Amino acid sequence: MYLLVETWVIVVPIVAVILIGGGIALYVFWGKGKHLDNEILEVENHLGQINALPIKEKLAKLEVIGKNNVVFNSVYEEYQNLQKESESYYQLEIVPDIEKARAELKNKKYENTVTALKGLQDKVSTYETKINKIDQRLNEVLKDDISTRSYETTVREKFKQYHDLYLSMEDDVSVYKEELENREKLIQDKFAGYDENLRRGHFDDANDELHDIEKMTADATAYLNDTHQAIVMITKELPRKLNETITMFNEMKDQYPLYHIAVGTNVTKIKDSISQLAERLRMFDAANINDSIQATNTEIDELRDKLENERESRIEYEEKHDTCCDKESDIEKSHNKYMREVSHLSTIYKIDDKLKAKSNQVRSDVQKLSIIRKSLESLECGNQPYSLRVVKIREMATQIDAVGKSIDEYKKGIEELKSDAENAYQLVYDSSYQLKNAELDLRNAKHDIMISRYVESFNKAYAIIEKLNNIIGQTPIDISETRTLTSDLKMISERLLNDVKLDLETKEYCEQLIVFANAYRGNFSDIARSTSKAEDLYRTGRFKEAIDILNQAILTSRLELPEPLKKNPLEPRGE
């Protein structure tokens, strides 16, 4: 039993070592084969990248150019030989080595595989150098071709954009289709010339062709963009507007006098202008053409506006004609009546210069209105345009208003004459009555000194009344003098009546104040002295001084005035 255990102790470690060593050997052996397979794949992939260079395409392009160009043909033959040599090297040197490396790897001869790979990589490097050199030298030879073709792409794209633009406007510019397609054909011909130069390897000439094509395309594009609206205006809009105007004229010509517009002559002129504009576009002459289009468009608008003005003028003429003529006739009749009234009034009133000027203005305005009416009738008899007739209708309406204002001003002046005369009559009566009553009140006051103060003023007032009464009592009444005397009489009589009234009230108040003070004469010495002075002043008509002396004495004596005496007529009264 002991021996058995001891044997297992020795055997197990040995087996373990064998198994571990075998596993490691197996891992190393399998891993190295995978690594070498990857290296071969990398070489193959790298060869694929080298062979992917477009050398054959470039040689084909060079061959085409060489068929028409001796220089390029010799270059082509040189590089074609180099390419064949490179292909031969690839087939004879590289392909067999790849196959050999694969075979060694398949047979698990790793050392031989590593040796084969080392030789293969060196040959691939040599092959790559040959191919890159050929590719670079071909690029140098074909750089003008590449540059030109790149430029060609840009130019063709611009031409395509122009063609698309033309197609988008084709309906609007269809009238110039032939001219525009001829221009496009010239560009296409230029492209054909370019292709030929490119095929022959004449790159400078090919580039010149492309420059020409680019400029022609830019010019054609600019022309379409700049003239599209102009073409629409010339081929569609202007003819449409002109035809509408002609239709309007045809509808009106039998109902309106239109000879002054010279429609036929103007239409012919406008048609010629449109034709000239169309021909300019046909010749691709678009310089300042929009200004010319605008001028022609304005001519059409002006012609149409003249016709429309005749139509509107007739409407206004017919709306206002009867009314204005009726008013003019009424004014003419009323003016005759008015003139008779003026003649009659001149026998009653002496007409001043201001009123005469108003009368003359009325006569002048009525005569002017009559002249306008006769001028209108002349236009109507001569079948003149409604635009001229309506001017006269407007002048009539304006003049009718002017006549109305002149008559109103004159009537106002006449009313003022009558009013001033009537006011003068009333003032003479009222003033005489009021002054007589004031005289009577003065006499009844029985104070000679006070009465004497107003004798001159009364005489002056009565003198004005007498003079005014004489003027308004005879015809024609001199209203100017009447107004002056009326103003003087009002001023003098109002002042005189106010003064008399105040003087009478002051006298009455002074008397009552003296009576009140006399009641206290025996009690107050100051009152006694002041009352004596006041009585003396009263007798001489100096009522205010008497009132002041008594009021001061009463105030000093602290006497209370009765309620009626508290209202002094000389003191300001509250409103």
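**Chat about a predicted chain**

Q: OK, how many helices and strands in the protein chain?
A: The protein chain has 15 helices and 2 strands. Helices (H or I, at least four residues) and strands (E, at least two) are DSSP runs, numbered from the N terminus.

Q: And what percentage of the residues is buried?
A: Of the 575 residues, 36% count as buried. Buried means under 20% relative accessible area, exposed means over 50%, and partly exposed is in between (1.4 Å probe, protein chains only).

Q: Let's go to strand 1. What does Lys350 touch, leaving aside its neighbours within four places in sequence?
A: Lys350, which sits in strand 1 (residues 349–350), is in contact with Pro476, Ile477, Asp478 and Ile479 once those neighbours are left aside. Contact means heavy atoms within 4.5 Å.

Q: How far apart are the C-alpha atoms of Lys350 and Pro476?
A: They are separated by 5.0 Å, although the two residues are 126 residues apart along the chain.

Q: Is the peptide bond from Thr475 to Pro476 cis or trans?
A: That bond is cis, with omega near -5°. Pro476 is in the loop between helix 12 (455–472) and strand 2 (477–478).

Q: New topic: which residues have a positive phi without being a glycine?
A: Ala262 is one of them, at about 50°, and Lys446 has a phi of about 55°. Ala262 lies in the loop between helix 6 and helix 7 (263–282), and Lys446 in the loop between helix 10 (386–445) and helix 11 (448–452).

Q: Is Lys446 buried or exposed?
A: Lys446 counts as exposed, at 73% relative accessibility, whereas Ala262 counts as partly exposed at 34%.

Q: How many salt bridges does the structure hold?
A: It holds 36 salt bridges, each being a side-chain nitrogen of Lys or Arg within 4 Å of a carboxyl oxygen of Asp or Glu.

Q: Where does the one between Glu209 and Lys190 sit?
A: The side chains of Glu209 and Lys190 meet at 3.4 Å, N to O. This pair links distant parts of the chain, with Glu209 in helix 6 and Lys190 in helix 5 (residues 177–199), 19 residues apart. Glu209 is buried, with a relative accessible area of 17%, while Lys190 is partly exposed at 26%.

Q: What about Lys320 and Glu316, how far apart are they in helix 8?
A: They are 4 residues apart in helix 8 (residues 289–348), so about one helical turn separates them. Glu316 counts as buried at 15% relative accessibility, and Lys320 is partly exposed with a relative accessible area of 33%.

Key. Residues are numbered from 1 along each chain as its sequence is written. This is a predicted model: local features need pLDDT of at least 70, side-chain atom pairs count only at pLDDT 80 or more; totals for chains, interfaces and linings use all residues. Side-chain values use heavy atoms; hydrogens and water are left out.
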